[in-house]
Amino acid sequence: FEGRKPKAREIMVISVLAAIGVAGRAAFFMLPSFKPIAAIVILTGVSFGGEAGFLVGCMIMMISNIFMGHGPWTPWQMLGFGLVGFVGGVLFSGRRVRLVPLLIYGFLSVFVLYGVLLDTASMLMYNAVPSWQLCLATCASGVVFNLIHACSTAVFLLVLFKPLLSKLARVKEKYGLLE
C-alpha cells in the first residue's frame, strides 16, 4: 500500500470507513457477535481493492479495542478482519458485484476464515499444550457465536450493499481514486 504512494484523499476515505466501522461496533456493543464490521470491511475491499479492505479491517479492530478492551486477541482480530477484507477485495474488486455471491462470501468468510482463526487463536493463547481434540472442542464451543456473527454479516451486507457501494463508487469517481 505504501509502496504505491497513496493520495491523501484515499487515506482519508480509508480512515472514514474505519471510523464508521468503529462506530458500528460501538453502536451494537450490547449484542454479542452481531456487528456490521465485516460487512463494512468487505464492501471496502470490493470498492477499493484488497489492500484497502485489509487496512480498514485492521484499523477497525485496533481502534475499537481501545474502547472495548485490548488484549492478546487484538492482533488476531486485526488479522482476521484484514483477511476478510483482503480476500473480498481480491474476489470481487474490479467487476460487477452481484448480491447473492457477496452474501455467500460474507457468511462463509466470517464463519470459516474469521471464526476458525479466532477460535484457534483462543486455543493457542489460553492452553499450554495444543492438541487436535482441544482445537475441535474450542471450535465447537465457538460455533454459535460464529454463526451469529456470520448471519449478522449477511444481514448487514444486505442492508448496506446498494447504499454504501453507490456512495463509495461516487467518491471513487469524483476524486479519481485508485487510478
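I began with the rule for rings: Phe, Tyr and Trp (its six-membered ring) pair if their centres lie within 6.5 Å. The model I searched is predicted. I found six aromatic pairs in the structure.

I looked up phenylalanine 28 with phenylalanine 156. Their ring centres are 5.2 Å apart and the planes stand at 75°, so I logged the pair as edge-to-face. Phenylalanine 156 is buried at 11% relative accessibility, while phenylalanine 28 is partly exposed at 25%.

Next I took phenylalanine 34 with phenylalanine 156. The centres are 5.3 Å apart and the planes at 55°, so I noted this pair as tilted. Phenylalanine 34 lies in the loop between H1 and H2, 122 residues from phenylalanine 156 in helix H7. Phenylalanine 34 is partly exposed, at 24% relative accessibility. I recorded Phe28, Phe34 and Phe156 as a cluster linked by ring pairs.

Then I turned to the cysteines. How many disulfides are there? I counted zero, with a cut-off of 2.5 Å between sulfur atoms. For cysteine 139 the closest cysteine sulfur is in cysteine 135, and 4.3 Å is too far for a bond. Cysteine 139 is buried, at 17% relative accessibility. For cysteine 151 the closest cysteine sulfur is in cysteine 139, 18 Å away, again too far for a bond. I listed cysteine 151 as partly exposed, at 37% relative accessibility.

Definitions and conventions. Residues are numbered from 1 along each chain as its sequence is written. This is a predicted model: local features need pLDDT of at least 70, side-chain atom pairs count only at pLDDT 80 or more; totals for chains, interfaces and linings use all residues. Side-chain values use heavy atoms; hydrogens and water are left out. Buried means under 20% relative accessible area, exposed over 50%, partly exposed in between (1.4 Å probe, protein chains only). Rings of Phe, Tyr and Trp (its six-membered ring) pair if their centres lie within 6.5 Å; planes under 30 degrees apart count as stacked, over 60 as edge-to-face and the rest as tilted. Helices (H or I, at least four residues) and strands (E, at least two) are DSSP runs, numbered from the N terminus.
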